[in-house]
Amino acid sequence: MAKKPASVKTTKMVTDIVVHLFLVIVAIVWLIPFVWIIAHSFRGESTGMFCSTFFPKEYTLDNYIGLFTDIKTMNFPRMFMNTFIISIFCCLISTFFVLAVSYSLSRVKWTMRRPYMNMAMIINLFPGFMSMVAIYFLLKAMGLTEGDRIPIALVICFSAGAGAGFHVMKGYMDTIPKALDEAAYIDGATRWQTFTKITLPLCKPMIVYQVITSFMGPWMDFIFAKIIVRAEAQYYTVSIGLWKMLEMEYIGGWFTRFCAGAVLVAIPISILFMITQRFYQEAMSGAVKG
Amino acid sequence: MAMKETTKLIPAYSKVGPNGLLTALKNGGPMIWLSCLIMGLGNILAGQFIKGILFLAIEIAFIAYMVIPHGGAYWLWMLPSLGDTATEEVWNDDLGVYEYVIGDNSQQILLYAVATMAVIVFFVIFWRASVRSGYLALSVKRSGGKVPTMKDDIIALFNENIHKLLMAPPFMMLAIFTMIPLVYMMLMAFTNYSALNDHLILFDWVGLQNFAAIFDSTSAIGRQFGSVLLWTLVWAFFATFLNFFLGTFMAMIIQRPSTRLKGLWRSILSLTIAVPQFVSLMIIRNMFKDNGAVNTLLQNLGFLGQGEVLPFMTDATWARVLLIVVNLWVGIPYTVMQVTGILQNIPAEQYEAARIDGANVAQQFRYVTLPYMIFVMTPYIITQFTGNINNFNIIYLLTGGGPTYVGDSAGQTDLLVTWLYKLSIDKQQYNMGAVIGIFTFVVLAVVALVTYRSSGSYKDEEGFK
């Protein structure tokens, strides 16, 4: 390109400086809530919400220690384990459902295929909270809302809808050439064998994405969990616990511990999210290369 | 490309030709007609004992469920009235005590009746399958072929019938825990199931009364509905388009050739996506409270006097603007992620050509970038729009719908979905909650139908034959 006159160069430099200043401000705005909560999770002077300065003056580890040792009112370790166990079951069931539905829709011709897809689309349009009350009554009628059966109810709640959430996975399976399947049939493979030996291995990045996404579900949701668990504190999931800590009666003593808990939940979830993004991008670059 | 069916039905079956229910009834003869009453008869006669007995067992179980006391027939019988007997205390003369006589529970009747209807639908599916299967088996036997055994049928489940095997569990779960509750809630919209006038145990059908109340702008609920609907649409509009334009702007700034550290800016933005929303939103809510960090900061910096606060959560306008701004904080990173990929796909020649024609940066954006973006992003924008109509989290976690005027059930920042939640969970006005749910669905369905029909993936789908 031809050499530019000096004035153009200056304008360009000024623009560059303005742009970078702007980006720095943007970055600060986006980071402040996180920096703030990390700072306050180490706050030493008081445990309530109110703090006379934006950043605390004294720092301590007590909030983290208290979160794990003071388990009489809020049993955070237990909540963590509850959520972890529920997530594992949820993730196994949802992933299987999504894979089964996606394969059937992407690879097999059957009469009810289109009606099923339309039905799923309609279901997805209803606000999920609308049927929440009914699901609670239904689970109650099945006796799943009492005592140690509550975790089962939660697993059902979080994974029952997976059969309607096939879109991303099905879209991905559609990109796998059908010729691969046909080659396998000619070699005498059954549908089940093509499913497990050809489709599933090719879907690996998408499966990882699906596994982690459904694993994260129970960590994020607090609405369904709150309605099903109600006051049974020993079955709280992390999100209900964190929510509780900010309620009137607890916030005075628990705000800084809430910050600590939020940091502890956010770190693994963010890492998992970054992993999903990597696999998602890998998946988007195509199932079969070359 | 059409998929070739290299593996066919079990060979014996495929010889008999069409096998729909009508064909079976027309050509089946007396034995098949009889098997319409006694499920599995055809299979048993053809020698498929296990299959036949399974069908028969399903029929017996179904009939038993329908006729036992408090079984299916009872609930269907109670459905029109939804029960009339209230729980009463009755004086028992022999024992000299008051006894409770448990009355009807309308909510239970409605739920069980809907479940019974689902059972009937499933039974009809099995019934149809049994008649067809009996007809097939008998036809094979008559034509002298080898009737497939149970083992053959199971093997078929892993081959040409794999969709039946794979779809059964997800579909069952979907039917029980999504479809039954949905039908149940929709029916609720036509009842007076509500804490108002004490209809929590016994309630009745009221026809379209609830819908009339919603549209009657003189009633309390009708007036609130109008304002909530208006705010929902205003919110969805601003939340979607501000996000889109500012997000595009941000993506383009990062994309500029002379911007340094592109990856750093993008990862800072994507941190918002990575941290669970309920965590970040609860943090932000606490920062914007009257005695929260933002007001404290402004006081310490001297912008506000001691004791002066900005009413982020207590004034309707402040709360609404705050929501839209926070939603930018939440949403811009998503837009940046989407747009970045698309911007890279715009052919460089188009910019080259525009520059040669003397277009400046603004004109390049207006005539090259924008038309391309709008073309590619329209489905995304509409999805975002419907997502924002349904955006429960941000409203519920940030303002809780507040501020709320005394006597109202809807706050000034409530969307239809959060109002639905409040009505059902806090106020126990389940019927009104259901009406609003149906209304939300209608709004979403109209928007989605238009998008979905015009989207590429729907049209491509037609090619699957």
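Leaving out residues up to four places away in sequence, D16(A) touches R256(B) and S258(B), where contact means heavy atoms within 4.5 Å. The model is predicted: local features need pLDDT of at least 70, side-chain atom pairs count only at pLDDT 80 or more, and totals for chains, interfaces and linings use all residues. Residues are numbered from 1 along each chain as its sequence is written, chains are lettered from A and ligands numbered from 1 in the order in which they are written, and side-chain values use heavy atoms, with hydrogens and water left out.

D16(A) lies in helix α1 of chain A. Helices (H or I, at least four residues) and strands (E, at least two) are DSSP runs, numbered from the N terminus. D16(A) counts as buried because its relative accessibility is 16%; buried means under 20% relative accessible area, exposed over 50%, and partly exposed in between (1.4 Å probe, protein chains only). Its side chain forms a salt bridge with that of R256(B), at 2.9 Å from N to O. A salt bridge is a side-chain nitrogen of Lys or Arg within 4 Å of a carboxyl oxygen of Asp or Glu. The side chain of D16(A) also makes a polar contact with the side chain of S258(B), at 2.8 Å. A polar contact is a pair of N or O atoms within 3.5 Å; within protein, one must be able to donate a hydrogen and the other to accept it, and residues adjacent in sequence count only if both atoms are side-chain atoms.

Between chain A and chain B, the count is one salt bridge. Nine residue pairs are in polar contact, both residues at pLDDT 80 or more. Helix α1 (residues 6-41) of chain A gives the largest share of the side of chain A that touches chain B, 18 residues. That side divides into 69 nonpolar, 13 polar and 12 charged residues. Here Ala, Val, Leu, Ile, Met, Phe, Trp, Tyr, Cys and Pro count as nonpolar, Asp, Glu, Lys and Arg as charged, and the others, Gly among them, as polar. In total, 94 residues of chain A are in contact with 99 residues of chain B. The two chains bury about 8,800 Å² between them, 80% of it on carbon and sulfur atoms. Buried area is the accessible area (1.4 Å probe) that two parts lose on being put together, summed over both.

Over all chains, the whole structure holds nine salt bridges. One of them joins D70(A) and R257(A), with the closest N and O atoms 2.9 Å apart. This pair links distant parts of the chain, 187 residues apart: D70(A) is in the loop between α2 (62-69) and α3, and R257(A) is in helix α13 (residues 248-284). D70(A) is partly exposed at 28% relative accessible area, whereas R257(A) is buried at 18%. In chain B, the side chains of D414(B) and K422(B) meet in a salt bridge at 2.7 Å, N to O. Both D414(B) and K422(B) are buried.

Helix packing was examined within chain A. Helix α6 (residues 150-159) of chain A is mostly covered, with eight of its 10 residues buried. Among the buried residues of α6(A) are I150(A), L154(A) and F158(A). The buried residues of α6(A) pack against α3, α5 (132-141), α10 (204-220) and α11 (223-229) of chain A, together with α9 (162-188) of chain B.
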